[in-house]
Amino acid sequence: MAVTSSSISLEALETLDLDPAFALHRGGKLEVRSTVPVRDADDLALAYTPGVARVCSAIAEEPELAKDYTWISNVVAVVSDGTAVLGLGDIGPAAAMPVMEGKALLFKQFANVDAVPICLDCTNVDALVETVVRLAPSFGGINLEDISAPRCFEIEARLRELLDIPVFHDDQHGTAIVTLAALKNAARLTGRSLGELRVVVAGAGASGIAVSRILLNAGIGDIAVADSKGLIHEGRDGLNPVKEALARDSNRAGLRGSTEQALAGADVFVGLSGSTVSEQAIASMAAGSIVFALSNPTPEVRPEVARKYAHVVATGRSDFPNQINNVLAFPGVFRGALDVRATTITENMKVAAAEALAAVVGDDDLSADCVIPSPFDERVAPAVVAAVSAQARADGVARL
């Protein structure tokens, strides 16, 4: 039942605070701190009027100076409309704020990127795009978060076209980067190349489409993607434009039917659907199979069941080995893009991030329980930052 702040008693708040998650979130997880001291009148005159006027006048004459004399070049907007929050669904902008605060915290913690959570009370695509465009002059990049599919695809595409700063939908591309990195290492561990693998993806939402796209871009052998109605293939009725495009580029074997039918003889399963997959279907996969059951909090198949048959098992959870966690990607991707003032984040930059992330796991570390590094591995962010910056320059989208 919805309640207003006036209906919540102090006693009720104290009861909520007995839960450590509520206690941690009390008052929010972020604050704003100044980077310069204001100790006396001289400091005040420089930080504010009259000194600030000289800086404003210079920026008015040369707008690019804002990137050097304001915080813009190091700040990202974390934008959501609250329509696809974690596994909770459409819970609205207010309820999305704890997640967006958390995202901003992770930007700062792992890559020293300042981030501002912005939860918008609009779900219309045109209105959301217009709002972000109007906010964009205050930021060096836009991280879209927890926006439902298929709207998220159009929103990102339109913002990328309208803005000359990085726009990145993390639910799509963060997941895709980390999945590709882990799969490259799983393939290496089992003595195969990506081109030798046949993959089945369960889920054709934001993350499922993006994972499929990055795997195709990286040269996967073949990939079949299933939504709630079964495998996506050319000629299937009722496909939206995003799925129609994917149908043209994937499922070269022309498979029909269900996810479980497609898993027979498959090398890789990637679950991003919230559905379940039977033990029998996992058992039907090829020898040396790889299972990434990534739905949270409940994987498509329990890891202990998948391990009976698969050589490598990964989940989205922190309490099992091989966590596919977006925090391995998005802080470094934005840090690398911001450092060279990139105008966009290219597909090559995403693949470069994945390759750098995979390379953090050396031959001595690589095992069935370690195909992806921990988010707390201090090598992760610098490796991703360097790779993304270098690729931005190679792709001609860097301004520094």
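This is a predicted model: local features need pLDDT of at least 70, side-chain atom pairs count only at pLDDT 80 or more; totals for chains, interfaces and linings use all residues.
In the UniProt record, an unreviewed entry, residues 27-160 are listed as "domain: Malic enzyme N-terminal".

Two packed helices are described by the angle between their axes and the distance between the axes. For helix α7 (residues 125-135) and helix α8 (residues 151-162), the axes come within 10 Å and the crossing angle is roughly 35°. The crossing of α7 and α8 is right-handed. On the α7 side, the contact is formed by Val125, Asp126, Leu128, Val129, Val132 and Val133. The α8 side contributes Arg151, Glu154, Ile155, Arg158, Leu159 and Leu162. By residue class, the contact of α7 with α8 comprises eight nonpolar and four charged residues, with no polar ones.

The second pair consists of helix α10 (residues 206-217) and helix α11 (residues 241-249), which pack at an angle of about 30° with axes 11 Å apart. Angles under 35 degrees count as roughly parallel, and α10 is therefore roughly parallel to α11. The handedness of the α10 and α11 crossing is left-handed. Ile209, Ser212, Arg213 and Leu216 of α10 make the contact with Val242, Ala245, Leu246 and Asp249 of α11. Five nonpolar residues, one polar residue and two charged residues make up the contact of α10 with α11.

How values were computed
Residues are numbered from 1 along each chain as its sequence is written. Side-chain values use heavy atoms; hydrogens and water are left out. UniProt positions are given in the numbering used here, feature names are shortened, and annotations may be inferred rather than shown by experiment. Axes are lines fitted to C-alpha atoms, for helices over the stretch in contact, and angles run from 0 to 180 degrees between N-to-C directions. Helices (H or I, at least four residues) and strands (E, at least two) are DSSP runs, numbered from the N terminus. A crossing is left-handed if the near helix is turned anticlockwise from the far one by less than a right angle, and right-handed if clockwise. Contact means heavy atoms within 4.5 Å. Ala, Val, Leu, Ile, Met, Phe, Trp, Tyr, Cys and Pro count as nonpolar, Asp, Glu, Lys and Arg as charged, and the others, Gly among them, as polar. Angles under 35 degrees count as roughly parallel, over 145 as roughly antiparallel, 65 to 115 as roughly perpendicular and the rest as oblique.
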